[in-house]
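Grab a pencil and work through these exercises. Try each task yourself before you read its solution.

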Amino acid sequence: RRSSGVLICDGSSLVVGTVHDLAAAGQHGDIDHTTSLAVAASWQGFSDGCAPIEDFHVTLQEFVGGEWADAGVQMQTVGVHSTSTVEPPSWSVNFALPAAGHYRTQVCAVNSVGGTRCAVSDGVVADETPPSSNGVVCVRSATTEVCGNATYPATSQMQLSGLRDGTLVYLPYASEDASDVVIEWGGCEDDESGIGGFRWCLDVVSQADETGHTVFSECFEKDWEDVGLAVQTPVAATHLTKGHAIMVNVECSNKAGLTTSATVGPVRFDRTPAVVSDSALTPPTLSAHDGLLWSSGSVAEIAVDTAEMIDGDTESGVDSARLIVRDMAGATVVDAAITPTMLNGAVLTYQVPSGTSRYLAELTVTNGAGLKTSVELPHRIAFDEGAPSNGEVRVCDADGETRKGQPVDSVRLCIAGFTAPQSGISGHQLHFSASGATELNEVLLMGHAEVIEVADLPLECGTTLTISSVALSGAAVAA
């Protein structure tokens, strides 16, 4: 400035230029993100028409706690004559950043009379780490999901060879158009440089052979800001064809260019449960009577025929089963898991301990997709360990009157008085023996009547007849 004819130079005549963040000294192009802690700064356009610029003081600042502060890196002084001969003149320095973070460079020009003016760069974010491992990709149906977590370094291509049944995951779905099956991914976060974008790929793989070949493939890329932090997309029903599996890969990149990827698959689909015959669950030693399955012992045996289950699902296969026996109150008395190694065609036997309740036995079969099918015994199980009370067996006439002592060519028998309070009388077994007879005759009578007439029995003159009756577990009388 001019005062009383004297030109006074302070710092007001200094013109500041621009400052750029570079990947390295001598390079061109301003950077906003880097994966390296070695950066550079360049500047140009500084001038002073009053007092010449002599030096530049270059400092590094860090954004901490919502404001810019000195980063603790030693200031560098660059003489104005240390520039190259290119026009317009520019200067540059290298910095070693103390840690990942958000930095900018401040350049202060100092003229010959000590005047100073400063300019700063727009900043650079140093990020050495990929997005967090919270990223996940899932294939979901209405009831089940299978997911894959993010890994680093990213897997850019899915491995489509060497597919075997042991690597498969099966999922169920309910709707014919597969509207309940979606691919979802999210959780990709980066605290340093932020998320820059993602790449999503779907491959449909035929599993007609062990190698697997791709029958459909699509990929697309998006800036993360376009889709938000969680994305969901439906899976076309045509991709769920029997014999096909899908594989999904999602790559998530931060703004520094580091990438993690999450992969899930191969996944196959099954929308029908296994078909299981009622003969898979039977009570081989129990007797049906009055709508119950009766056991006269301290345990009741139930048989599970695995041969009736293992061929019941031609898609995902039968994976496991479980036998549950509950009492009338719903309490479980038998809970037996049938594992895949037990599904070998054998007949498995389980025991139900005796009790006073009525017990429901249910066999639930689960296929590889988690869909369940259940079969039950036709009746509840009941226990009666007591013998029927003693009754009587009489030789009687057609009117039920007892016949005494007169010789006859045939006899009629009357049975009465047998009772079984718990299970009831299901029938009578009569044993006949006669003097001179060479074998024992036996007649089984089924019924509930207190008096049951037996057809006339042919007898020889002078025969002595002995009769006994057994009802259920063994009460007996002789007549």
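**Exercise 1.** Which side chain meets R140 in a salt bridge?

*Solution.* First, a word on the model. It is a predicted one, where local features need pLDDT of at least 70 and side-chain atom pairs count only at pLDDT 80 or more, while totals for chains, interfaces and linings use all residues. Residues are numbered from 1 along each chain as its sequence is written, and side-chain values use heavy atoms, with hydrogens and water left out.

Now the rule: a salt bridge needs a side-chain nitrogen of Lys or Arg within 4 Å of a carboxyl oxygen of Asp or Glu. Side chains of opposite charge can pair when their charged atoms come close. The partner of R140 is E184, at 3.0 Å from N to O. Strands here are DSSP runs of E, at least two residues, numbered from the N terminus.

**Exercise 2.** Is E221 buried or exposed?

*Solution.* Start with the cut-offs: buried is under 20% relative accessible area, exposed is over 50%, and partly exposed is in between (1.4 Å probe, protein chains only). E221 comes out at 59%, so it counts as exposed. Then look at its salt-bridge partner, R199, with the closest N and O atoms 3.5 Å apart. E221 belongs to strand β20 (residues 213-223) and R199 to strand β19 (residues 195-206). R199 has 28%, so it is partly exposed.

**Exercise 3.** How many salt bridges does a search of the whole structure find?

*Solution.* The search finds 4. One of them joins R326 and E362, at 3.7 Å between the closest N and O atoms. That pair links strand β28 (residues 318-326) with strand β31 (residues 360-367).

**Exercise 4.** Which residues lie nearest the centre of the largest cavity?

*Solution.* A cavity is a set of points on a 1 Å grid over the protein atoms alone where a 1.4 Å probe fits but cannot get out, and lining residues have an atom within 4 Å of a point. The largest cavity has a volume of about 80 Å³. Of its 13 lining residues, G135, V136, C188, V250 and C252 lie nearest the centre. Strand β23 gives the largest share of this lining, 3 residues. Finally, sort the lining: 9 are nonpolar, 4 polar and none charged. (Ala, Val, Leu, Ile, Met, Phe, Trp, Tyr, Cys and Pro count as nonpolar, Asp, Glu, Lys and Arg as charged, and the others, Gly among them, as polar.)

Notes: Helix = DSSP H or I, 4+ residues; strand = E, 2+ residues; numbered from the N terminus. 1 Å grid on protein atoms, 1.4 Å probe; cavity = no way out; pocket = protein on both sides within 12 Å on 5 of 7 lines; lining within 4 Å. Points joined across faces, edges and corners; volume = space filled by probe spheres on them.
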